[in-house]
Amino acid sequence: MLAEVPDDVPDQLPSAAYIYAKKIGRLTEALNRTEDRAEAADAIRSVIEKIELRPAQAVA
């Protein structure tokens, strides 16, 4: 069946942006509630592999 799918069909779901925005909204609400903040923070930590900081390039 996958062999019959045209190459120009995007892999992304059309509603992915809506789903993502809704999840971020719920996460923001949880972070703002004291009783849910620790659990929300743990959820964020579970999906972040690393944070890399780099100094900005000097502009001459």
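Buried means under 20% relative accessible area, exposed means over 50%, and partly exposed is what sits in between. Keep that handy while you work on this structure, which is a predicted model.

**Exercise 1: Get an overview**

Work out what the chain is built from and what share of its residues is buried.

*Solution.* Start with the secondary structure: the chain has 2 helices and 0 strands. Next, look at burial. Of the 60 residues in the chain, 5% are buried. Finally, check the surface. The chain has an accessible surface of about 6200 Å², and 58% of that belongs to carbon and sulfur atoms.

**Exercise 2: How do the helices meet?**

*Solution.* First, find the helices: helix 1 covers residues 16–32, and helix 2 runs over 34–47. Then take the geometry. Their axes come within 6 Å and cross at roughly 130°. Who does the touching? Helix 1 brings L27, A30, L31 and N32, while helix 2 brings T34, D36, R37, A40, A41 and I44.

**Exercise 3: Track down the salt bridges**

Go through the salt bridges and say how exposed the partners are.

*Solution.* The structure holds 4 salt bridges, so let's take some of them in turn, using a cut-off of 4 Å between nitrogen and oxygen.

- Step one: D36 pairs with R33, and their closest N and O atoms are 2.6 Å apart. D36 is partly exposed because its relative accessibility is 22%. R33 is partly exposed too, at 34%.
- Step two: R45 pairs with D42, with 3.1 Å between the closest N and O atoms. Both lie in helix 2, 3 residues apart, which is about one turn of the helix. R45 reaches 56% relative accessibility, so R45 counts as exposed. D42, at 47%, is partly exposed.
- Step three: E52 and K50 meet at 3.3 Å, N to O. E52 is partly exposed at 45%, whereas K50 is exposed at 60%. Shared partners also link K50, E52 and R54 into one network of salt bridges.

**Exercise 4: A nonpolar spot on the outside**

Which residues form a nonpolar patch on the surface, and is L53 buried or exposed?

*Solution.* The patch is made of V47, I48, I51 and L53. Together they have about 490 Å² of accessible area. Now zoom in on L53, which lies in the segment after helix 2. Its relative accessibility is 76%. The cut-off for exposed is over 50%, so L53 counts as exposed.

Technical notes
Residues numbered from 1 in each chain as written. Predicted model: local features only at pLDDT ≥ 70, side-chain atom pairs only at ≥ 80, totals over all residues. Heavy atoms only, no water. Patch = residues over 30% accessible without salt bridge, like charges linked within 9 Å, V, L, I, M, F, W, Y side chains within 5 Å. Areas by Shrake-Rupley, 256 points an atom, 1.4 Å probe, with all protein chains shown as cover. Salt bridge = Lys/Arg side-chain N within 4 Å of Asp/Glu carboxyl O. Helix = DSSP H or I, 4+ residues; strand = E, 2+ residues; numbered from the N terminus. Buried < 20%, exposed > 50% of the residue type's maximum accessible area, 1.4 Å probe, protein only. Axes fitted to C-alpha atoms, helices over the stretch in contact; angles between N-to-C directions. Contact = heavy atoms within 4.5 Å.
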